[in-house]
Amino acid sequence: MVLLSLDIGGTKVGWAIVAGQPDALMVTERGSIPTQAFDGGPRVAQRIGELATELVSRYDADGVAVASAGVVDPETGAIVSATGTMPGWGGTSLGLMLRELTGKPVWVINDVHAHGLGESLLGSGRGFRSVLACAVGTGIGGAHIVDGHIVFGDHNLAGHFGHIHHHYAAGQPCSCGREGHIEAICSGSGITDWFNSRADGITVANGRELQDLAESGNELAIATFAESGYALGEALGSLANAIDPSVVVLSGSMTKSGDLWWKEVRRGYCASAMDFVAGLELRNGELGSDAPLFGAALYYYSRENH
């Protein structure tokens with residue numbers, strides 16, 4: 001079977017032609033287009049529809065597997081809601097639209113659910129029964145994968161780990177419209193805004209600039225990275241206490257923040273985690289940007305072969 005796999009994020013729409021068996025998937029072709037999210041949901045959906053139609057025809061794909069930002073109904077493929085990073089994306093009947101345009105079976109899940117499923121079955125979580133996966137990039141999301149299945153929750157909201165409260169984030173606005181969530185201080189965009197709100201006379205444009213500033217010896221930048229990592233670790237420890245996983249897998253751009261960040265994540269985790277889970281391994285993801293593409297394909301296979 002040959003699948004078109006899509007990864008729809010706020011910055012870009014990645015695509016891949018995925019072939020092979022579920023335990024040995026491979027990408028044969030890949031590419032991406034800009035999401036241009038601020039054009040609004042309907043225009044984004046139109047571009048994705050045009051892209052999928054063209055690629056399915058070009059590569060004679062048997063179906064379409066989709067990982068998308070937003071809260072997704074995994075039965076219908078509809079985008080139930082989305083944050084301000086994807087204006088107007090909520091309410092998009094994505095699965096129905098793609099089925100009608102391509103004439104192929106289509107299955108859609110949340111992008112970080114897909115990411116977690118990919119890492120759990122083909123990446124750093126392979127061989128573990130219960131995987132706590134957390135992607136720390138522009139935002140923060142995650143998934144709990146048990147026996148190869150995503151825990152969706154009653155409202156398909158499970159895995160929104162970025163919206164756990166932390167006292168360090170008090171007063172910091174979150175993308176969901178609330179305040180005080182770890183995404184507001186631990187994500188790539190959040191840590192940037194947090195530093196800028198604390199700095200006097202200096203600002204950074206992104207996490208990369210902040211890391212450069214920290215590596216140059218700026219004390220506030222160093223402290224911000226340390227405190228951000230520690231807060232994330234505390235939240236992960238609390239999650240481990242609640243769901244008792246076999247392993248914790250971290251991925252996303254913030255995992256490239258260097259030894260200080262990792263040290264503080266692990267220190268915060270150990271400070272928060274109960275003895276039974278305090279010794280769990282915190283692993284770095286292996287699959288990179290392929291994780292959601294593979295995860296979407298794996299979900300497609302599970303549904304079509306159900």
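Me: In this predicted model, which residue stands opposite isoleucine 140 of β9?
Reply: In the predicted model, the residue that stands opposite isoleucine 140 of β9 is valine 136.

Me: And how do β8 and β9 run, and how many bridges join them?
Reply: Strand β8, which spans residues 130–136, runs antiparallel to β9 and is joined to it by seven bridges, while the hairpin that leads from β8 to β9 passes through three residues.

Me: Is β9 mostly covered or mostly open?
Reply: Strand β9, residues 140–146, is mostly covered, with six of its seven residues buried.

Me: What about the pairing of β9 with β10?
Reply: Those strands pair in the antiparallel sense over two bridges, β10 being residues 149–150, and isoleucine 145 has isoleucine 150 in β10 as its bridge partner.

Me: Which residue has a positive phi in that hairpin?
Reply: That is aspartate 147, with a positive phi near 50 degrees, in a hairpin that has two residues between β9 and β10.

Me: Switching to α2, which of its residues are buried?
Reply: In helix α2, residues 94–102, the buried residues are Leu94, Gly95, Met97, Leu98 and Thr102. They lie on the same side of α2, because they cover an arc of only 165 degrees around the axis.

Me: What covers them?
Reply: The elements that cover the buried residues of α2 include the strands β1 (2–8), β4 (63–68), β6 (79–81) and β7 (106–110), together with helix α1 (41–59).

Technical notes. Residues numbered from 1 in each chain as written. Predicted model: local features only at pLDDT ≥ 70, side-chain atom pairs only at ≥ 80, totals over all residues. Heavy atoms only, no water. Buried < 20%, exposed > 50% of the residue type's maximum accessible area, 1.4 Å probe, protein only. Helix = DSSP H or I, 4+ residues; strand = E, 2+ residues; numbered from the N terminus. Pairing = 2+ DSSP bridges. Arc of directions from axis to C-beta. Contact = heavy atoms within 4.5 Å.
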